[in-house]
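Morning, everyone. Please look at the sequence and the structure on the screen; I will start with one side chain and then go to the whole fold.

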Amino acid sequence: MKSLQLVVSDAAAGRQELVDRGVEASEIQVIAEADGGTFFGFEDPDGNSWAVQEIKARADTPLIPEGHTGLGGWAGR
């Protein structure tokens, strides 16, 4: 079992997507009002624990560009 972290630009939308797919997710918690201070969690079928953090700025600069076709030209950035 591992503890993993996922960053999303909209925690409410991410949580709703999981719930709509039948995943039990914790309620959203705002630890700090600043960007990066909003979290929720869930466990996957393998028992891994996920912490999901909202960073709104990620919407403007995603880690994986929309429409990418693989890691060949992207890896190592």
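A polar atom of the side chain of asparagine 48 lies 2.9 Å from the backbone nitrogen of lysine 2. That is within the limit for a polar contact, a pair of N or O atoms within 3.5 Å; within protein, one must be able to donate a hydrogen and the other to accept it, and residues adjacent in sequence count only if both atoms are side-chain atoms. This is a predicted model, in which local features need pLDDT of at least 70 and side-chain atom pairs count only at pLDDT 80 or more, while totals for chains, interfaces and linings use all residues. Residues are numbered from 1 along each chain as its sequence is written, and side-chain values use heavy atoms, with hydrogens and water left out.

Where does asparagine 48 sit? It is in the loop between strand E3 (38-43) and strand E4 (49-54). Helices (H or I, at least four residues) and strands (E, at least two) are DSSP runs, numbered from the N terminus. Asparagine 48 counts as buried because its relative accessibility is 13%; buried means under 20% relative accessible area, exposed over 50%, partly exposed in between (1.4 Å probe, protein chains only).

Now the whole chain. From the N terminus, its elements run β-α-β-β-β. The 4 strands form an open sheet with mixed pairing, in the order E1-E4-E3-E2; two strands pair if DSSP finds at least two bridges between them. E1 (3-8) and E2 (29-30) are at the edges with a single partner strand each, so one side of each has no neighbour in the sheet. E2 and E3 run antiparallel, joined by 2 bridges.
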